Amino acid sequence: MQLRFLRLLAACACGLYFTGTGAAQAFPSSATIPLKDFARHPGLSDPVLSPDGKYLAVRTDDPDGTHHSVVVYRLADMHVISILKMPQYELPLDITWVSATRLVITKGKAMGSIGKPINLGQIIASDYDGKNQRYLYGYDAKGKRAANRARDEGFGTLAGLPDKPNDHFYMDVSLWDNENISSIYNVNAARNTRHLVSDIDQGGMNFLIDKAGQATYAFGVNTQQDFRAFRNIDGHWTPLPDKLVGSHFKPFAYTPDEKKIYAYSSKDGGPYRLIQADADASHPVTLTADPFASFGGSQWSPPPYKLFAVTNLTGIPKAHFLQPQLPSAKLYKALSKAFPGQYVNFIAFSQDGMTLLFSTLSDRNPGSYYLLDRHHNKVRKLFDAAPWIHPQQMSERRSFRFKASDGLMLEGILTLPKGRNPLNLPMILLPHGGPYGIHDDWLFTDGAWDAQMLASRGYLVLQVNFRGSGGRGPAFEQAGYMKWGTRIQQDLIDGVKWAIAKQYADPNRICVYGASFGGYSAMMTVVRAPKLFKCAIGYAGVYDLDMLYHKGDIRYLRSGRNYLHMVIGDDPNALENNSPVAQAGKIDVPVLLVHGKDDTRAPYAGAKEMRDALEKAGKHVEWMAKSGEGHGFYDEQNNIDLFTKMLAFLKTNIGPGAPVAKPAQASN
């Protein structure tokens, strides 16, 4: 491994050299990877570099998934300086350095392994050594607040930082009793004081702050689920016309001289393009655009923070350079050359620009973190996100495009089981959750864990970014509204038919497995295409659409209720026709249902109702439910049990995975 790096870097103009890479290793075939390797959760994640480059704050998770901490390391020797333990089930949703010695942490709560953590709206601060801990925002049940301030009854979210670290940060606030107001505050994390910068009578807004600390733009999806964008003109929030900036306008930064702004903008609902405009949003110029994919993932230089690249959000991620001659852009290219096949992400520079924290990841690498010392051009590996995962053993993930039956171009991801002949393989359709704004990507993240586990056992895995998915712009996402059980399912079915036509999949050995909305799709695809699948696995799924109005956590907020009305409607006949529980009699394949008994997102009562409906209709249904689990299993043993039962179910209904291909014998 060390020799390989030296060869790669010999041709690199930057003159980097690496430490801590280790020697090359031989690994057994992918079929021997233990299931526990896919059931484990990364112990270290979300590293954040202090502004002076001396310390690293990292989120740590215990294997049981219920205990989380923030650990601060001294980078010189990776000595642990402090450990800030969170209450059980709470986790650091965001970790931010507001000075060289002070951290601000947004608290969240785990709701399960397949759902995003809930933002508790609580923000705390601590010195790097664990001293001077303060509760900055939120409802403090333990009375740790300053005695002269009432408890906050709302949600606080870290919204940004001044250009130069000074213990201050900007905080978005949404009140519990008035969802139609968005506010932003300037908070002093050392003194535990705050002052209102601005507010607006629209809920769900984000703000852009200039160097003087003034809120200049507000934008976002309000409680009525409408996108709105405003500019602050002489203290008044004025709506921005669509004809000026497009139907969705998201300004996110100023140029160093503050004469221009950067924004992601959607024209006529299409993919988000990167634009640059004058500070008043006039004279917009498109910097990067694609008719298929949106852009995001911005890459920045050290102060004065020049934007030099953005990344496409579909397909294989690639840096699209805006200022390729900048030293940071050249450094990025050099590191990308040193890590072939990996996507390089600049996480943060130190304020002096001499220390860089960056990561690499790919379709087979769930993430590795490195530190670059620019004084000596030395790259030091810090840690792997999942050190027990060996990329050499993982399967290739391949991005492709195909036409749906109505002519719309869609994207999919195939995970091709390593060491197998990629023809007529037993296949699993794996629909993602959400469904809106979420998308499966090429990288080893989220749904790729299940895909890699199944591929390691010889199954081809198909993921389809159906209409409604993210990464393609608002019109593509909205095209899935009110189509949960119809057009979205047809997109998934069209993907399966594509894989059959290309001879990747054996048409007689196809099963569908999904979690959350994917669990809903696992039941609905077999209703809509009864002869295409041989079995279905629903994990933490929603099976009764009407139940979402009466159980589960989406209904608690007005914005959540408005969301349900917008995406599934309230017509009783439509809800019934598109609810798997009401269509149980049409499901003619064996079903496995898996659910956590403490699931508050997809109600556990809905899973029991689905099981009972299948049994009443005389269908074959298997069942697994775990106590103490929410929206997806956290416990390692519970996940091993799930994988074991799932693989046995697949073997019974579509046969074992394809065996590893034998190497061809050389002819005499």
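Predicted model: local features only at pLDDT ≥ 70, side-chain atom pairs only at ≥ 80, totals over all residues.
**Ground rules.** Residues are numbered from 1 along each chain as its sequence is written. Local features need pLDDT of at least 70 and side-chain atom pairs count only at pLDDT 80 or more, while totals for chains, interfaces and linings use all residues, and side-chain values use heavy atoms, leaving out hydrogens and water.

**Entry 1, the count.** I looked for salt bridges (a side-chain nitrogen of Lys or Arg within 4 Å of a carboxyl oxygen of Asp or Glu). The count came to 21 salt bridges.

The partners sit 48 residues apart: lysine 211 in the loop between strand E14 (205-209) and strand E15 (215-221), aspartate 163 in the loop between strand E10 (154-160) and strand E11 (168-175). Strands are DSSP runs (E, at least two residues) and helices are too (H or I, at least four), numbered from the N terminus.

I then checked exposure: buried is under 20% relative accessible area, exposed over 50%, partly exposed in between (1.4 Å probe, protein chains only). Lysine 211 is partly exposed at 44%, and aspartate 163 is partly exposed at 36%.

Aspartate 588 lies in the loop between helix H10 (572-577) and strand E35 (591-596), and lysine 619 in the loop between helix H11 (604-616) and strand E36 (621-626), 31 residues apart. Aspartate 588 is exposed, at 55%.
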